[in-house]
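Dear colleague,

Please find below the structure that I am handing over to you. A short account of the findings follows it.

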Amino acid sequence: MSDFRYRAFISYSHQDKAWAGWLHRALETYVIPKRLVGTETPAGIIPRRWAPIFRDSDELASAGDLGRKVNEALAQSDCLIVICSPDAARSRWVNEEVLAFKRLGRSDRIFCLVVAGEPNASLLPGREAEECFAPALRHRIAPDHTLSSDTVEPMAADVRAGKDTRANAKYKLIAGMLDIDFDALKRRELQRRTRRTAMLAAVALCVMAVTTVLAIVAFVARHEAVVASHAAERRQKQAEDLVSFMLGDLNDKLAQASRLDIMESVDDKAMAYFQAQPTADVNDQALEQRAVALGKIGSVRLDQGRLSLAMEAFQASLALTSRLAGEAPADIGRQLAHADTWSYIGMIGWRQGKLDDAERSFASGQAILERAAARAPDDARVAFQRITFHNNMGHVMEARGQLDAAARQYQDMLTLAQHLATAAPGNIDWPTAIGEASNNLGRLALLHGDLANAVAQYMAAETIQMGLAAANPKDASRRDDLLTVHAIVGRTQALAGDVQPGMDRLQRAVDMAAQLKVLDPGNTDYQEHQALYAIQLGRLHRLTGDMAGAAKLAREALVIFEGLARHDAANAVWQREYAEALVEQSAQSRASGDADAARRQATSALHLLDPLFKQQPDDRATLLAIVASRLSLAAVAADATAAGTLRNDALASLQSARSGQGDPRLLALQAITLLSLERRAEAMPVVKALWASGYRDPALLKVLRDEQIDYPQNLAFQRELLAATGGHAELTGSEIARSTGDE
């Protein structure tokens, strides 16, 4: 038992949380009879107390990812106690917790407390709704870790009317977990109570004499103390109620309903409350609860796109996690909480375009985790959080144009994730991280001009996300991850000439984001994804001749981006994406013959992009966007001089790129710009490089056709692409040509 962090894990439906609370207190406060302590049983050496006990409303307060924390807690628990009722039998989470525990090979350490319903009622016609055992409790686990058809009768204490008393139920569970005889435990408990009663009787006589003498002296002081005590208790009760609400019921509603707006009505008042509370003379548990609550508020504000307010909450939380971590450097949980807060602060800096701030925050978190890893090299929690920081730091390095440094971060991320997946299979976080690392490496491959490898990496990430989403169909975050990778694969396919499959994937991403937005209208991630992928899909519709479809998608995207831009003008990512939408709208206006509208739209895009480009000149997305906006404005400029200036500025920006010069998107814009400046001789080597890379974006093909430049298919690239994707590239060479009109 000493090998486990928790004596037991309590699994329950939140409709049974009152029973869970009672059982948690009953087990953690129970003192095992002294004569049994130290005895060795098949379950191990009997301890003095059966604590700590894991219960999610207490332990998951700081969980950034519920699935990861639950799996870690299960792995670190000696026993699993399931509170059984019809609600629990219907609970997906209870069933998955039982199944996960069985997959750890500890089916014999599962114990049940029946509080309602009827065991095995699912076998009784007409009474199926009364079943209190979850499916995973009623069936054995097969060698392939799925539930077999073989049934099993779980060991259960029963507190229903006419069954065990609460005390007897508690003793049955403890006896089972200690692997001792129930009657022996109860006899020991009766002997202890008899001795305690005799001792208390003797002590009571002495106490009576003493208290009689002190009663008169204490009367006045007692009145004042009672008043003060009641006031303190009221304040403590208010704090406990607030924390319990935020981390219990409210957290459940957020997770189940995917409704961030539920929190909005309370988080401002909660922030004011916590900021008003003193930190001196407050115990560590209260400070931890306060830090967790502030982090929850910050997370909701972050998802709502309220970056400044989110930063306020996380900085308040950081002050507490820093103090707690500093006081207990060996406490891994505190170190993880402190690093996690730095992660969120860095993320806000990233979204605001403050790369220096983001890098400092991520570096601070990484340093904490490196020290934690040295203390606990086998702790999966530390390893997983290190994965998150490698990912974040890699993004910063990439935005700075430091691609080799970014590649090292992403490769370290992949290596750690693969190690965790091998050491502890079954945890969905590990394949998720592998997919994210593959996606990152695919992006770097694209920046280096390796289009086939980029598509292959993206498709590998897509395969992983499809599996995770299928296994968790009600998990909104999984669906959001899947739609994102669909869009990434789709737009990269279009770059390689697989236009229609790319459009199909982008359409799927737009539809999925729209569905998620209906479920949670306040979630700005869903809004952003719907608008971003709609504008990318609209571009392809325009380039393949569907102007009506392109215009519809652009209108929908711009409405969303305008709202996001008003919502938080400090969000640099939203400002850049809004500008990209305006550039596409400008191209559509130009194609429709409305030069004035095209000019206004391109000018508006440039106004948004100029300060962003000055702030982050090495960010590839910003560079591509500002060049596209200058070329779009040049196409409708009032005179040739103005057009030439814009095109030369665009070319200078492209040539200023300090890294990723092989990026075919950059090269394509460079070739298009040189041709528009009538510098054909300089453009041709760039066109040749693009052909060698396999790049066949419809925009480039149109310009080359207008310039009467031969650009045949690169069949060698097609073979390379098929090999890299394992034969999963959707189109053959001739089909690609037909889809782009280049046959």
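How many helices and strands are there in the protein? There are 31 helices and nine strands, where helices (H or I, at least four residues) and strands (E, at least two) are DSSP runs numbered from the N terminus.

Please note that this is a predicted model, in which local features need pLDDT of at least 70 and side-chain atom pairs count only at pLDDT 80 or more, while totals for chains, interfaces and linings use all residues. Residues are numbered from 1 along each chain as its sequence is written, and side-chain values use heavy atoms, with hydrogens and water left out.

Of the 743 residues, 52% are buried (under 20% relative accessible area, 1.4 Å probe, protein chains only).

Two helix pairs deserve a description. Helix α18 (residues 451-471) packs with helix α19 (residues 476-495) at an angle of about 155°, their axes being 9 Å apart; axes are lines fitted to C-alpha atoms over the stretch in contact, and angles run from 0 to 180 degrees between N-to-C directions. The pair is therefore roughly antiparallel (over 145 degrees). Residues of α18 that meet α19 include Leu-451, Val-455 and Tyr-458, contact meaning heavy atoms within 4.5 Å.

Helix α13 (residues 332-351) and helix α15 (residues 380-399) pack at about 20°, with axes 11 Å apart. That makes α13 roughly parallel to α15 (under 35 degrees). Among the α13 residues in this contact are Ile-332, Leu-336 and Trp-350, and those on α15 include Val-382 and Phe-389.

Notes:
Buried < 20%, exposed > 50% of the residue type's maximum accessible area, 1.4 Å probe, protein only. Parallel < 35°, antiparallel > 145°, perpendicular 65-115°, else oblique.
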